[in-house]
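Please open the structure in your viewer and keep the selection tool at hand. The tour below moves from one selection to the next and says what is there at each stop.

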Amino acid sequence: MYDIACKFNVNALKRCSTNPFSPLEEHYWRRLTDVGFLLYKVNKFHIRGHKASCGDFYGLAYTPLVGMRAGEEIETGWPHSNREGTATREMDAGKRLDMLQTHMLFMNQSKMKKMGEWSLDCALTGAYYF
Ligand SMILES: [Zn+2]
């Protein structure tokens, strides 16, 4: 899922194959255009800003086996990390790296605590909800 996957997928293979810094090994490049292997989808929040036909093809609502999800999970930490942008912009690279690393470790620790609380809640109540 990507905010502009509907546009990105058009040239994904070309971008990957012509980029000397591509992290994807060459024997995987063809998978970028294999619709039986890879589906390009746009997250729910962003799909509302696209034209209607995008929603039909790239939206999650009509995608089998996806379930009900927003697709925005990776962005949930941004409100916190955006604040760090202002706080770190005057720092040198080393201090900025230390600060952001500390921030991300704290975010991950907080997520793990919440996952533990959720698991305990499920175990105590016998309920499994997603
Ligand atoms: Zn679109």
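Begin by selecting Asn9, Leu32, Thr33, Asp34, Val35, Leu38, Leu39, Tyr40, Lys41, Phe57 and Tyr58, which together line the second largest pocket of what is a predicted model. This pocket has a volume of about 170 Å³, and its lining residues divide into 7 nonpolar, 2 polar and 2 charged.

Stay with two of these lining residues, Phe57 and Tyr58. A search of the whole structure finds 2 aromatic pairs. One of them joins the rings of Tyr2 and Phe8, whose centres are 5.6 Å apart and whose planes stand at 85 degrees, so that this pair is edge-to-face. Phe57 and Tyr58 also form an aromatic pair, edge-to-face as well, with 4.9 Å from centre to centre and 80 degrees between the planes. If you colour by accessibility, Phe57 counts as exposed at 56% relative accessibility, whereas Tyr58 is buried, with a relative accessible area of 14%. In the Tyr2 and Phe8 pair, Tyr2 is partly exposed at 40%, and Phe8 is partly exposed at 31%.

Next, select Gly59, which lies in the loop between α4 (52–58) and α5 (78–88). Is Gly59 buried or exposed? With a relative accessibility of 5%, Gly59 counts as buried, because buried means under 20% relative accessible area. Leaving aside residues up to four places away in sequence, Gly59 touches Lys41, Val42, Ile47 and Cys54.

Cys54 leads on to the zinc ion, so select the ion together with its protein donors, because these are the atoms to look at here: Cys6 (SG), His50 (ND1) and Cys54 (SG), lying 1.9 to 2.2 Å from the ion. Along the chain, the donors follow the spacing C-x43-H-x3-C.

For the last stop, return to Gly59 and draw a distance to Met115: their C-alpha atoms are separated by 28 Å, and the two residues are 56 apart along the chain. Met115 is one of the residues that line the largest pocket, together with Thr76, Gly77, His80, Phe106, Met107, Ser110, Lys111, Lys114 and Trp118. About 240 Å³ of space lies in this pocket. Which helix gives the largest share of its lining? Helix α6 (residues 93–125) does, with 7 residues. By type, the lining of the largest pocket divides into 4 nonpolar, 4 polar and 2 charged residues.

Technical notes: Residues are numbered from 1 along each chain as its sequence is written. This is a predicted model: local features need pLDDT of at least 70, side-chain atom pairs count only at pLDDT 80 or more; totals for chains, interfaces and linings use all residues. Side-chain values use heavy atoms; hydrogens and water are left out. On a 1 Å grid over the protein atoms alone, a cavity is a set of points where a 1.4 Å probe fits but cannot get out, and a pocket is an open set with protein on both sides within 12 Å along at least five of seven lines; lining residues have an atom within 4 Å of a point. Grid points are joined across faces, edges and corners, and a volume is the space filled by probe spheres set on the points. Helices (H or I, at least four residues) and strands (E, at least two) are DSSP runs, numbered from the N terminus. Ala, Val, Leu, Ile, Met, Phe, Trp, Tyr, Cys and Pro count as nonpolar, Asp, Glu, Lys and Arg as charged, and the others, Gly among them, as polar. Donors are N, O and S atoms within 2.8 Å of the metal (3.2 Å for Na, K and Ca); water is not among the atoms, so sites may look incomplete. Buried means under 20% relative accessible area, exposed over 50%, partly exposed in between (1.4 Å probe, protein chains only). Contact means heavy atoms within 4.5 Å. Rings of Phe, Tyr and Trp (its six-membered ring) pair if their centres lie within 6.5 Å; planes under 30 degrees apart count as stacked, over 60 as edge-to-face and the rest as tilted.
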